[in-house]
Amino acid sequence: MEFVKFAVCGLWMVAVCGDVVVDKAEAPVPLVIWHGMGDSCCNPLSMGGIKKLVEQQIPGIYVLSLKIGDNIVQDMENSFFLNVNKQVDIVCDQLAKDPNLQQGYNSMGFSQGGQFLRAVAQRCPSPPMKNLISVGGQQQGVFGFPRCPGESSHLCDWIRKVLNVGAYTRAIQEYLVQAEYWHDPLNEEEYRNGSIFLADINQERGVNESYKRNLQALNKFVMVKFLKDSMVDPSDSEWFGFYKPGQDKETITLQESSLYSEDRLGLREMDKAGKLVFLAADGDHLQFSVEWFNEKILPFLR
Ligand SMILES: *[C@@H]1O[C@H](CO)[C@@H](O)[C@H](O)[C@H]1NC(C)=O
Ligand SMILES: *[C@@H]1O[C@H](CO)[C@@H](O)[C@H](O)[C@H]1NC(C)=O
């Protein structure tokens with residue numbers, strides 16, 4: 001077969017042959033990246049660097065680093081102040097219109113981008129997401145921001161105060177991203193009732209069968225936890241664990257949770273089918289080496 005193609009190419013125009021030889025089915029699976037809190041699509045020291053790294057390792061890959069808003073400043077501000085449900089709508093719309101993604105794509109979310117991309121998987125089955133990689137994502141939310149990335153620390157102090165006043169009041173839910181995945185284990189019922197984003201995608205108010213079906217359509221759901229994470233409380237959330245309800249000292253794993261035993265989101269079934277991958281990185285939040293990335297993450301992007 002290869003010989004036939006080659007022979008035909010020898011006789012016909014090179015331009016035509018280019019199309020024949022580069023079989024579309026063999027092109028690398030595109031990658032969609034969603035940055036974390038206080039970050040933006042294109043910072044060369046963060047997402048821009050990751051994009052470049054992936055492009056070097058997988059020649060010809062199409063990498064889309066999501067920008068929420070018209071420019072980088074808006075993109076960063078929106079990571080604090082644009083309702084996550086709206087952000088997910090914007091992204092779904094963007095992915096649906098992108099001609100490069102129509103055959104499917106892998107996705108990789110950093111920090112809060114990890115749970116946001118899971119919402120995309122659950123709400124927007126087309127185009128299809130193949131692998132979902134959550135790098136330090138807080139799949140069961142957070143109950144504290146012990147430390148904030150770099151220049152955003154004044155914002156974090158303010159956010160912490162606001163969340164303590166009333167994370168689940170309607171006004172705060174509508175406008176503060178971090179409130180939308182604030183998970184108060186001392187007040188699980190308030191969380192279940194009031195969280196407009198995380199409680200919804202985690203099926204806390206009932207089971208949306210399409211969420212379950214869409215998530216189960218993934219090939220792999222990879223979750224990376226940072227073993228020395230000082231920014232996420234509790235860091236167990238990065239593997240879908242959390243505080244045991246009613247207190248904030250003892251944590252339980254995903255497998256010990258009612259979400260799993262009742263299988264409201266289909267995660268138990270995915271686990272049994274080998275679709276859940278739990279990876280550990282031995283650093284603080286989002287700290288990893290290129291070698292670690294190449295060894296642990298790249299196989300899921302090929
Ligand atoms: C389930 O989720 C889909 C996708 O977001 C939504 O359109 C639908 O209304 C939801 N169904 C229920 C019963 O909430
Ligand atoms: C949660 O919602 C239910 C049903 O609407 C209500 O009965 C209950 O009082 C609410 N609980 C809290 C803590 O808001």
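Is F288 buried, partly exposed or exposed? F288 counts as partly exposed, because its relative accessibility is 25%, where buried means under 20% relative accessible area, exposed over 50%, and partly exposed in between, with a 1.4 Å probe and protein chains only.

Good morning, colleagues. The model before you is predicted: local features need pLDDT of at least 70, side-chain atom pairs count only at pLDDT 80 or more, and totals for chains, interfaces and linings use all residues. Residues are numbered from 1 along each chain as its sequence is written, chains are lettered from A and ligands numbered from 1 in the order in which they are written, and side-chain values use heavy atoms, with hydrogens and water left out.

I turn to the aromatic residues. The whole structure holds 12 aromatic pairs; rings of Phe, Tyr and Trp (its six-membered ring) pair if their centres lie within 6.5 Å, and planes under 30 degrees apart count as stacked, over 60 as edge-to-face and the rest as tilted. One of them is the tilted pair of F143 and W182, with 5.6 Å from centre to centre and 55° between the planes. This pair links distant parts of the chain, 39 residues apart. F143 sits in the loop between strand 4 (129–135) and helix 7 (153–166), and W182 in the loop between helix 8 (170–175) and helix 9 (188–194); helices (H or I, at least four residues) and strands (E, at least two) are DSSP runs, numbered from the N terminus. F143 counts as buried because its relative accessibility is 16%, and W182 counts as buried because its value is 5%.

F288 and F293 form a stacked pair, 5.8 Å centre to centre, with 20° between the planes. F293 is buried, at 1% relative accessibility.

Now the ligands. R123, N208, S210 and Y211 surround ligand 1, each having a heavy atom within 4 Å of the ligand. An oxygen atom of ligand 1 lies 2.3 Å from a polar side-chain atom of N208. Taken alone, ligand 1 exposes 360 Å², of which the protein buries 34%, with areas from the Shrake-Rupley method and a 1.4 Å probe.

Ligand 2 is surrounded by E189, E190 and N193. For N193, a polar side-chain atom is 2.2 Å from an oxygen atom of ligand 2. For E189, a side-chain N or O atom is 2.7 Å from a nitrogen atom of ligand 2. The protein buries 31% of the 360 Å² that ligand 2 exposes when taken alone.

How values were computed: Polar contact = N/O pair within 3.5 Å; in protein donor to acceptor, adjacent residues only side chain to side chain.
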